[in-house]
Amino acid sequence: MKKYLWYVLLLVLFLLVACNGAEQDDTTNAEGDRDQEDNSETTIRVAWWGNQERHDMTLEAIELFESTYPDISVQPEYTGWDGYWERLNTQAAGSNLPDVIAMDNSYLNEYNSNDLLVDLAPLIDEGTINLDDVDDVYQEINHDGDRVLAVASGANALALVYNVEMLEEHGFDLEPGFSYDDLFEMNLTIKDALETEGQEYFGYDFANAEYELLNNYVRQHGMSFYNTEGNGLGFEEAVLVDYFEWVQEMVVDGAAPSHDIMMSYIEGGNSMVQEGSSAMQTAASNQIIGISQGTEYELDLAVLPAWDGVHANYIRPSMSFSITAHSAQQEAAAKFIDFMTNDLEANEVLQAERGVPISSAVREHLSDKVSEPVQKTFDYLEVVADYTTDADPLSPPGETEVRGAFSRIVESLKYDQLTPEEAANQFVQQAENVLN
Amino acid sequence: MTKTKKIPASLTLASNRDKSDHLAGFLSISPWLIGFILLILGPMLASLYLSFTDYNLLSSPSWVGLANYRNLFSDARFLKSLEVTFTFVFVSVPLKLIFALALAMLFNTGRKGSSFFSAVYYIPSIIGGSVAIAVVWKQLFGRQGAVTQILSLLNITDANLIGNPDTALSVLILLVIWQFGSPMIIFLAGLRQIPTELYEAASVDGASKWRQFFNITLPMLTPVIFFNLVMQTIQGFMTFTQAYLITGGGPLDETLFYAVYLYETAFEYLRMGYASAMAWVLLIIIAVITLVFFLTSKYWVFYQSEGGR
């Protein structure tokens with residue numbers, strides 16, 4: 001009897017210890033870091049999202065970092081975009097965010113307003129993060145007053161990725177200045193021509209970026225998507241109705257594919273432009289690098305359509321890096337960000353895949369070393385610089401939900417279940433509900 | 001003197017042993033008990049509390065009273081998710097049970113190979129809820145999937161069934177019905193419990209097969225049907241994986257299952273408080289429906305041991 005009791009006790013103790021141990025592993029990395037500090041080694045956790053290619057390049061750059069700073073070791077945490085924020089959000093709730101996280105513009109305000117990000121300004125001032133070679137334009141959007149919330153790892157701008165030969169063949173070009181209606185006409189013409197040859201042609205691929213395109217559209221009207229206070233929309237409903245009319249016309253008349261076809265390409269990780277069933281799509285400029293792989297077509301980047309001759313592009317930082325408030329190793333984290341921003345060798349490895357490097361020294365160094373599509377993103381940013389207006393303030397917390405509402409309404413619109421007026425009305429209502 | 005001394009001594013001994021017995025008992029169930037308290041009871045109480053707050057995962061919760069519960073019933077998407085889930089449960093559960101019963105009866109005839117086939121038909125329900133099957137299903141019914149192409153070759157339809165708002169839910173229902181294995185096995189066990197004398201006596205009296213089915217098989221099976229009905233209904237309300245992976249709740253929210261909307265609210269829109277309220281409403285819905293099953297069971301479930309109704 002007594003013996004039996006001892007066994008049970010032992011088992012319970014074992015379980016308790018096991019539970020406890022697991023918990024420490026998961027939640028208190030900081031403690032582990034402190035232990036390791038005694039051996040003069042610091043561990044920082046770095047999280048980012050991306051595809052396999054980006055993971056491989058980033059891991060290689062991390063190795064370089066570790067050999068440059070032998071006293072710092074990096075524990076990478078990477079996933080695809082799907083699930084990245086869900087993972088970070090739960091880590092945030094458990095006060096267990098990685099030291100360095102890849103930040104997206106749409107989440108910057110949400111994380112900042114919940115005090116999850118460290119102000120990088122002191123680290124930049126003291127030179128731990130060296131931004132001497134960086135033009136202000138690349139960092140503008142990452143400021144909150146005097147606070148610096150993130151450092152961009154690349155810059156890009158919204159663009160059209162298009163098939164050069166296909167457009168030439170049908171006598172079109174995409175020199176800046178073409179209109180939304182021109183896109184409609186072009187795609188119908190190409191579609192007619194190709195379909196008589198028996199080829200499949202879907203038309204303009206929105207690539208699920210109707211939201212981003214609208215952002216540009218309202219800017220072209222001199223408005224902004226969100227108001228400056230961040231508690232409501234910053235554009236007139238009539239503008240949205242116009243935009244929705246255009247989107248619906250594109251899809252219903254066949255100048256763009258139906259929603260389910262578009263989504264099936266995206267979910268399958270494929271692209272119509274890549275396979276030649278579309279001549280153009282909306283994309284962030286750095287996406288041309290991915291799309292160019294696995295296609296024999298020559299692709300290029302074009303500036304977004306003009307509205308009434310007006311352009312309103314802006315260059316945006318992409319895949320910024322932030323240091324989180326949970327980090328106990330801010331110094332080491334800052335060194336990592338500095339390394340990714342300025343180290344020439346690391347940037348050779350990274351191939352500007354996150355966007356055009358923000359440091360002019362790195363850009364110069366890379367200019368003759370990068371592949372052709374990467375070179376195109378460099379060129380494009382120079383071209384688009386002539387067609388930009390000031391960037392908008394950061395989108396308010398709750399943007400994710402507004403975007404969710406927008407996608408659902410665009411879906412109904414494309415299935416012709418809502419008129420543009422109804423759709424605009426519904427969206428404005430739902431967005432105001434979320435933002436208030 | 002000696003006697004009176006002995007008695008209390010033995011009493012204390014006995015109660016000591018009682019105590020240590022209790023202790024041993026608690027200790028031996030302690031792994032489960034600790035697990036239950038830490039992993040089930042704790043989170044449940046936490047979510048009950050959070051359902052009265054505006055918790056957003058990133059900052060600390062503040063009390064909002066019943067606001068979450070009140071807002072639910074003016075939330076069009078919430079109502080849509082209820083409609084979708086109820087439709088799904090009311091269509092898929094009966095169909096699944098009928099299917100399971102029909103096959104169980106087929107395999108119960110003891111024909112050659114019936115145990116092999118019952119094993120084969122059980123496989124989908126082991127793997128059916130898995131991520132891999134959901135992905136395969138998505139491929140099959142997707143735009144260039146095999147099923148889609150066959151249907152279009154046969155000139156039945158050109159449509160991508162999971163991308164079409166009118167048919168997406170049906171595809172998911174089909175997938176769930178296909179996983180009829182576990183109720184089938186339970187039906188099979190139930191069928192084997194029915195004494196064969198009953199059928200022999202009925203045949204002697206000249207009862208037809210249909211008559212035997214309705215007057216012997218079905219009544220004798222009611223406890224098993226009851227069990228399957230309750231389990232499958234509960235499972236149906238909690239369906240998540242298939243819808244989340246195959247359709248993601250779309251197109252046009254036509255497959256926005258309750259659990260999918262809950263997940264979206266909690267982890268994408270960070271409305272933890274609201275999602276917690278949804279979780280509790282789901283608990284209440286399931287509890288009420290199960291209660292209705294139990295209360296009505298005395299009118300239609302037949303237990304042999306009670307000697308009839």
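Me: What pattern does chain B follow when read along the sequence?
Reply: Chain B reads α-α-α-α-α-α-α-α-α-α-α-α-α. That is 13 helices and zero strands. Helices are DSSP runs of H or I with at least four residues, strands are E runs of at least two, and both are numbered from the N terminus. This is a predicted model: local features need pLDDT of at least 70, side-chain atom pairs count only at pLDDT 80 or more, and totals for chains, interfaces and linings use all residues. Residues are numbered from 1 along each chain as its sequence is written, while chains are lettered from A and ligands numbered from 1 in the order in which they are written.

Me: Why is chain B called more spread out than a compact globule?
Reply: The globule rule is 2.2 Å times the number of residues to the power 0.38, and the radius of gyration is taken over C-alpha atoms. For 309 residues the rule gives 19 Å; chain B has 26 Å, well over that, so it is more spread out than a compact globule. Its C-alpha atoms fill a box of roughly 100 × 75 × 35 Å along the principal axes.

Me: What separates the centres of domain 1 and domain 2 of chain B?
Reply: A distance of 41 Å, taken over C-alpha atoms. Domain 1 covers 1-50 and domain 2 covers 69-306. The bounds come from an automatic or database domain assignment.

Me: Why is H4(B) said to lie largely in the open?
Reply: A residue is buried if 20 or more other C-beta atoms, placed from the backbone, lie within 10 Å of its own; 12 or fewer make it exposed, and in between it is partly exposed. Of the 14 residues of H4(B), one is buried, so the helix lies largely in the open. Over chain B, 29% of the 309 residues count as buried.

Me: What span does helix H4 of chain B reach, against the one expected?
Reply: Helix H4 (residues 114-127) reaches 21 Å from first C-alpha to last, close to the expected 20 Å. The expected span is 1.5 Å times one less than the number of residues.

Me: Where in chain B does pLDDT stay under 50?
Reply: Over residues 1-6. pLDDT is the predictor's confidence in each residue, from 0 to 100. Those residues have zero contacts beyond four places in sequence. Two residues are in contact if their C-beta atoms, placed from the backbone, lie within 7 Å. Where pLDDT is low, predicted coordinates should not be read in detail. The mean pLDDT of chain B is 84.
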